[in-house]
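We will hop from one selection to the next.

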Amino acid sequence: MEKLEVKKDLDLFNGVTGFKFNLYEKLSALLFSRIVCPCSKKATFESVIPQLYTKYSYSYDQILEACEYFGIQYEKIVDIFTLRVK
């Protein structure tokens, strides 16, 4: 994720959402967790994320909020990653 340099783009979303958590961190944690151990959001939150190298601190509700937002903004997020991969 760092090599793709998407953090600054995703940080722009934080400015308009008013979330009290960082979307880039949520996306990173969810992606890394699913690579290590694909499972439900609840199991990811309870079992996988606490075992990751980077320590994340947020609630399960924040994970659900982030997932909902990513779903709504799916096309924009895919565009960001597509532009960075090219």
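Start by selecting Asp11: at 28% relative accessibility, Asp11 counts as partly exposed, a label used for values between buried (under 20% relative accessible area) and exposed (over 50%), with a 1.4 Å probe and protein chains only. Before you go further, please note that this is a predicted model, where local features need pLDDT of at least 70 and side-chain atom pairs count only at pLDDT 80 or more, while totals for chains, interfaces and linings use all residues. Residues are numbered from 1 along each chain as its sequence is written, and side-chain values use heavy atoms, with hydrogens and water left out.

Lys7 and Asp11 form a salt bridge, their closest N and O atoms being 2.8 Å apart; the term asks for a side-chain nitrogen of Lys or Arg within 4 Å of a carboxyl oxygen of Asp or Glu. Both residues sit in helix H1, 4 residues apart, so about one helical turn separates them. Helices here are DSSP runs (H or I, at least four residues; strands are E, at least two), numbered from the N terminus. Lys7 is partly exposed too, with a relative accessible area of 37%.

Colour by accessibility here: Arg84 is partly exposed at 30%, whereas Asp9 is buried, with a relative accessible area of 19%.

Then move to helix H3 (residues 41-48), where Glu46 and Lys42 are 4 residues apart, or about one helical turn. The closest N and O atoms of this salt bridge lie 3.3 Å apart. Glu46 is partly exposed at 48% relative accessibility, and Lys42 is partly exposed with a relative accessible area of 39%.

Select Leu10, Phe13, Leu23, Ile49 and Phe70, which touch the most other members of the 20-residue largest nonpolar core. Such a core is a set of buried Ala, Val, Leu, Ile, Met, Phe, Trp, Tyr and Cys residues joined through side-chain atoms within 4.5 Å. Helices H1 (7-17), H2 (23-36), H4 (60-72) and H5 (74-85) are the elements that give two or more residues to this core. Its largest share, 5 residues, comes from H2.
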